[in-house]
Amino acid sequence: MDYLADERKKAEFDVDEMKIVWAGSRHAFEVSDRISKLVANDPGFRKDTRTMLARKELFKNTLRKAAYAWKRIHDLHLSEEEASRLRFYVDEPAYTDLHWGMFVPAIKGQGTDEQQKKWLPLAYKMQIIGCYAQTELGHGSNVQGLETTATFDPQTDEFVIHSPTLTSSKWWPGGLGKVSTHGVVYARLIINGEEHGIHGFIVQLRSLEDHLPLPGVTVGDIGMKFGNGAYNTMDNGVLRFDHVRIPRNQMLMRVSQVTRDGKYKQSDVPRQLVYGTMVYVRQTIVADASCALSRAVTIATRYSAVRRQFGSQNGGPETQVIDYKTQQNRLFPLLASAYAFKFVGEWLTWLYNDVTQRLQASDFSTLPEAHACTAGLKSLTTTATADGIEECRKLCGGHGYLCSSGLPELFAVYVPACTYEGDNTVLLLQVARFLMKTVSQLGSGKKPLGTISYMGKIEHLMQSRCTVQKAEDWLKPSQVLEAFEARAVKMAVSCAKNLSKFTNPEEGFAELSADLVEAAVAHCQLIVVSKFIDKLQQDIPGKGVKQQLEALCGIYYLYLLHKHQGDFLATSYLTPKQAALANDQLRALYTKVRPNAVALVDSFNYTDHFLGSILGCYDGNVYPKLYDAAWKDPLNDSVVPEGYHEYVRPLLKQQLHTAKL
Ligand SMILES: CCCCCCCCCC/C=C\C/C=C/C(=O)SCCNC(=O)CCNC(=O)[C@H](O)C(C)(C)COP(=O)(O)OP(=O)(O)OC[C@H]1O[C@@H](n2cnc3c(N)ncnc32)[C@H](O)[C@@H]1OP(=O)(O)O
Ligand SMILES: Cc1cc2nc3c(=O)[nH]c(=O)nc-3n(C[C@H](O)[C@H](O)[C@H](O)COP(=O)(O)OP(=O)(O)OC[C@H]3O[C@@H](n4cnc5c(N)ncnc54)[C@H](O)[C@@H]3O)c2cc1C
């Protein structure tokens, strides 16, 4: 029986067409749909007991699943696209994520043609398994502070990789702890006593015969992490080198080279390309944020439609909690954010591919913008998604706290995204540097392009005032864009003015960093809003689909406007009355979306297997499933628990003199 059938009947749009918009294309939808069902129907990919397993058992099970996934990919002759979808739907972090997601891209991006020809076929066949070994015990954010050394030995034509201090131990790389045979290891290059900064090296870590660490290599797992199951399926590792020798041709030499006679040569590509793998992964993390958020929102929306509390009239049913405006005000902006992040993720993938093509043609002009966009959007979307998952847990009341809701594990597995691939605050400071540089160049005649083109309208934006007179005026895209542009430009200019008061700019930057981070957030929010609005300019087929997306877009920007109204008011672009009208319009949009809420989450097309949540199951049959699941908990295997006779019974039977107290 479908307990959500009435909700589904209320939908005012074509859900099948919305599924295609969400997937990105009909083809992408068909692949995703087929592969998600394939995984869901295969008992080899079960994950329902994951949060109850001890670490060793959990990890062994992950190794089994990764090997089984590889076998299925081969047996079914899956394409690269299908294989990547299969790994996604298996939904279990594993060493393979780092192998495919970082090791292979690092070689592709930073290796010469010759190096790619040698290493990539081995990696593609998984005859070697790699990790990305950059972070150390003492330094993560400050990449230039890494201490591992790679000293060139001209006698033997080798690099000597060494960990000179405890803090130089590699610490965190995923897959390193127990599995990787190789790593792209980042180290400080030293030639003839002279330092040449951080470079990547392909280093073999374990024997391909017996998996033992090679001589001079000390390697292991760094221990349990936050949450049950969650990221504990990953072997994040520690690694030390004691004068380990590798051939010279294992330095990744696309950006710079070391010749046989020990000369250091820089190519005509910027040195920042050494950081290129991080740019690539940040872009994939943005594309992934909408998946994690939409998953939590699906659970919270379906459950909010099933759950009833208070408000029974004449013995009738109580109110569905989704009908409370407070619930809508917490839930619908997250639903809207999931769609917003999907579209900005699509755009960022386009930007990344565009910059990659330009780099191949030696056009480096858009690299700073690509760095700022990937860094800023990674920070914005992961912070909002991690906070959003936790909010969804609270939206499900007490039952959200049960592992069977799926939300505790989803939060635990997702929240490190705020830290890995760059701490979110550190990344926003990179965006702020980019903005300050842009503002300082405004008078120079250099026209700001792309996502900072609005800075070119600075004179207009500094003076313009909002023209909204009634709530519906907030539905005009041009009005909204101007509001967000004016806010972003004014916050950036205010920071630049304050910075100019410092004689030492670095001191000023440090002193004003909290304001700079806020200016960076305003800029990134503008990007997300503008890409959502751009999406709506496209031809979107399907009955009512565009109207629903327009409502969600409105909810996204009006919620931000309401939340940050202090910024908008302080920059005097808005009056308090106009801010209040924005809030009126926001409430009206909640009412418009309400009957479509369940259908809007159905459009994500997630299987019950992928959701892994009793509260979010498609049929909404929550209570019997929760009740049955409780009895399946291992603690209920026996009526009298282990330990009763040892620890509880003696208490009950004690004859204390204080018994009367
Ligand atoms: C099948 C596919 C599946 C895909 C799934 C893959 C998903 C895998 C996810 C798995 C989960 C976890 C894996 C996690 C991995 C990691 O965490 S790896 C380690 C990541 N580490 C970091 O992110 C460190 C953060 N720190 C930095 O990036 C830099 O150190 C920092 C930018 C903060 C500062 O660097 P400095 O060299 O000191 O730079 P600075 O002096 O500030 O700037 C100099 C100059 O360079 C520009 N810049 C900086 N970074 C970049 C870049 N990446 N690209 C381009 N340009 C860059 C900067 O703007 C400055 O420019 P300017 O013009 O001189 O001002
Ligand atoms: C689950 C997980 C997986 C990971 N996988 C990998 C991997 O595969 N390979 C790899 O190499 N690394 C990996 N990492 C490491 C990760 O990239 C780093 O932890 C991350 O870059 C943050 O660096 P940090 O730990 O040095 O934080 P820190 O920089 O020490 O941050 C601590 C605090 O200081 C603040 N801070 C730091 N610098 C500044 C500044 N300049 N201004 C203001 N505030 C500042 C930060 O905001 C933060 O609040 C992983 C980490 C995690 C948690």
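What radius of gyration would a compact globule of 661 residues have, and what does the protein have?

**Figure 1. Overall fold of the predicted model.** A compact globule with 661 residues would have a radius of gyration near 26 Å. The protein has 27 Å, which agrees. Along the principal axes, its C-alpha atoms fill a box of roughly 90 × 80 × 65 Å. The secondary structure comprises 23 helices and 11 strands. Of the 661 residues, 45% count as buried. Take the contacts between residues at least 6 apart in sequence: 75% of them join residues at least 24 apart.

**Figure 2. The shell around ligand 1.** The view shows 29 residues around ligand 1. G101, V143, Q272, Y275 and G422 come nearest. Four helices each supply at least two residues of this shell: helix 6 (95-110), helix 8 (276-306), helix 10 (367-395) and helix 12 (424-440). By class, the shell has 14 polar, 11 nonpolar and 4 charged residues.

**Figure 3. The shell around ligand 2.** Strand 1 (130-133) and helix 12 each supply at least two residues of the shell. Helix 12 gives the most, with 3 residues. The classes are 10 nonpolar, 10 polar and 1 charged.

**Figure 4. Helix 12 at both ligands.** Helix 12 spans residues 424-440 and supplies at least two residues of the shell around ligand 1. Around ligand 2, helix 12 supplies 3 residues.

**Figure 5. The hairpin of strand 2 and strand 3.** Strand 2 covers residues 149-153, and strand 3 covers residues 158-162. The two pair in the antiparallel sense over 5 bridges. F152 has F159 of strand 3 as its bridge partner. Between the strands lie 4 residues. In the turn, D157 has a positive phi of about 60°.

**Figure 6. Strand 3 alongside strand 9.** Strand 3 also pairs with strand 9 (residues 244-247). The two run antiparallel and are joined by 4 bridges. E158 stands opposite P247 in strand 9.

Technical notes:
Residues numbered from 1 in each chain as written. Chains lettered and ligands numbered in written order. Predicted model: local features only at pLDDT ≥ 70, side-chain atom pairs only at ≥ 80, totals over all residues. Rg over C-alpha atoms; globule rule 2.2 N^0.38 Å. Buried ≥ 20, exposed ≤ 12 C-beta atoms within 10 Å, placed from the backbone. Contact = placed C-beta atoms within 7 Å. Near = placed C-beta within 6 Å. Nonpolar A, V, L, I, M, F, W, Y, C, P; charged D, E, K, R; others polar. Pairing = 2+ DSSP bridges.
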